[in-house]
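The exercises below are meant to be worked through with the sequence and the model side by side. Try each task before reading its solution.

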Amino acid sequence: MSNVKFYYGENVPLEMHKVRIVQKLDLVPIDRRLEAITEAGNNTFLLKNRDVYLDMLTDSGVNAMSDKQMAAMMEADDSYAGSETFTKLESKLHDIFGKKYFLPAHQGRACEHLLAKVFVKEGSIVPMNYHFTTTKAHIVLAGGVVEEIFIDEALQVDSENPFKGNMDIDKLRSLINTHGPEKIAFVRLEAGTNLIGGQPFSLENMGEVRKVCDEFGLMIVLDASLLADNLYFLKKREPKCKEMSIREITREMADLSDIIYFSARKIGCARGGGICTDSTDVYMKLRELIPLYEGFLTYGGMSVREMEAMAVGLEETMDENMINQGPQFIAFMVDELRKKGVPVVTPAGGLGCHINAMQFLSHVPQTQYTAGALASAVYLISGVRGMERGTLSEQRDEDGNETLAHMELLRLAMPRRVFTLSQVKYAVDRIAWLYENRDLVGGLNFVDEPQILRFFFGKLEPVSDWQVKLVEKFKADFGDSL
Ligand code: F0G
């Protein structure tokens with residue numbers, strides 16, 4: 001019982017809250033799970049929640065809210081224009097980020113849509129530490145190109161680098177020199193870099209990006225959707241941040257940014273989004289689009305109840321005792337899986353536990369959607385729903401060829417303050433069993449492949465009868481157990 005601060009014993013995280021409202025769960029038998037995943041075209045997005053035991057698809061919009069957030073929802077002012085709720089949220093954001101203006105939007109991708117519409121032109125380039133699916137789609141739709149200038153270690157699955165989300169400063173400078181600053185729409189930094197396993201960037205790196213941007217007169221756009229996790233890791237890992245409060249670190253990051261946008265489905269534990277800036281010019285350019293695409297300027301497509309909850313949730317994000325809950329549960333899961341030999345992304349990041357499907361299923365080629373196959377198999381043997389983050393989440397090129405992803409990951413998201421440790425242990429046990437039986441798992445082929453963001457609606461089938469064989473082995477080992 002050495003470590004008392006947030007940890008118990010060697011690696012058991014301490015919940016700094018108690019559960020006061022619960023949602024009943026079912027664990028349907030494996031025969032039903034086989035039917036369900038077949039009906040869903042082996043796409044976990046298409047499963048019905050009633051067939052899911054632990055929903056680890058995403059942390060988006062499914063984090064547990066606090067009693068104070070729920071209470072705040074009762075106070076919402078639903079005036080169409082000039083709502084008091086908006087003023088409250090605006091002043092909370094001003095308090096936290098110190099920016100003059102706040103533009104509301106219904107969620108993160110809506111902010112990306114508006115930013116791309118205003119700043120990205122045909123042939124524009126947007127350098128970033130790594131893309132997110134919706135970010136890239138909006139930039140490409142506006143005629144731009146995404147340039148990912150991550151550090152070499154970003155894609156190294158097993159690593160000890162504490163800041164795999166850092167941007168490579170030399171590559172950034174040479175990209176700008178090659179194309180000229182006028183071609184660059186803005187430089188985007190994504191906190192808690194989602195697609196490489198929820199990995200943070202350092203404050204020092206952000207400062208260096210700022211210097212380069214100042215040299216060339218470029219804006220930094222910070223995607224703060226996963227900022228809470230990034231803040232936690234800064235406090236834990238960056239020497240300079242150890243003596244700073246979460247609020248101070250946040251303000252320093254905000255001061256280094258020209259525009260901050262966020263999905264409040266992640267940060268703030270509510271549902272919504274928005275854009276903050278100090279620039280009157282940026283504000284004026286974006287402002288006219290809000291009523292056109294989102295809703296009036298004082299709600300931007302959000303429910304006023306969610307806005308109230310968001311204001312409280314953002315304040316709660318400034319509490320280290322709150323933002324440690326996600327990363328510590330993830331670290332526990334990653335540690336336990338590692339002990340059982342399961343290949344996972346390290347160091348443990350934010351958002352969720354990421355399993356390295358390329359190594360887990362080394363016999364399944366990427367053209368048969370390695371991570372997609374693992375997502376299907378994990379659901380089948382456990383009722384745990386994860387999300388494929390690999391080739392399936394990419395789009396084909398203009399000639400119809402597969403774009404093979406840098407990594408094949410199965411993401412098991414850890415919605416904040418939602419699951420208990422025994423549920424996490426259950427997931428670990430079942431995944432470890434699957435790892436021992438991994439040779440039974442085969443690949444997938446498309447039967448229905450949409451052209452845009454195909455991972456949302458695409459349907460696939462197993463390349464052989466591997467799922468039937470996996471079910472047989474499961475029953476042989478577990479008997480009547482679900
Ligand atoms: N930026 C990042 C880093 C994200 O992770 C997301 C969403 C968005 C922007 C878009 O925000 O969903 O509110 O429109 N990520 C979710 C996920 C969907 O499951 O990782 P949104």
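H6 is followed by Gly180, whose phi is positive, near 85°; helices here (H or I, at least four residues) and strands (E, at least two) are DSSP runs, numbered from the N terminus. The model is predicted, so local features need pLDDT of at least 70 and side-chain atom pairs count only at pLDDT 80 or more, while totals for chains, interfaces and linings use all residues. Residues are numbered from 1 along each chain as its sequence is written, and side-chain values use heavy atoms, with hydrogens and water left out.

**Exercise 1.** Find which residues of helix H6 (residues 169-179) are buried, and what covers them.

Solution. Begin with the terms: buried means under 20% relative accessible area, exposed over 50%, and partly exposed in between (1.4 Å probe, protein chains only). By this rule the buried residues of H6 are Ile169, Leu172, Leu175 and Ile176. They lie on the same side of H6 because they cover an arc of only 125° around the axis, the arc being that of the directions from the helix axis to the C-beta atoms. An α-helix has 3.6 residues a turn, so residues three or four places apart point the same way. On the other side of H6, Asp170, Asn177 and Thr178 are exposed. Finally, the cover over the buried residues of H6 includes strand S5 (125-128), strand S6 (145-148), strand S7 (187-190) and H7.

**Exercise 2.** Determine which residue caps the N-terminal end of H6.

Solution. The cap is Asp168, which has a side-chain oxygen 3.1 Å from the backbone nitrogen of Asp170. A polar contact is a pair of N or O atoms within 3.5 Å; within protein, one must be able to donate a hydrogen and the other to accept it, and residues adjacent in sequence count only if both atoms are side-chain atoms.

**Exercise 3.** Decide whether Val428 is buried or exposed, and list its contacts beyond its neighbours within four places in sequence.

Solution. Val428 lies in helix H17 (residues 421-436). Its relative accessibility is 3%, and therefore Val428 counts as buried. Leaving aside neighbours within four places in sequence, Val428 is in contact (heavy atoms within 4.5 Å) with Met333, Glu336, Leu337 and Lys340.

**Exercise 4.** Identify polar side-chain atoms that lie by an oxygen atom of the ligand.

Solution. Asn194 places a polar side-chain atom 2.8 Å from an oxygen atom of the ligand, and Ser263 places one 2.6 Å from an oxygen atom of the ligand.
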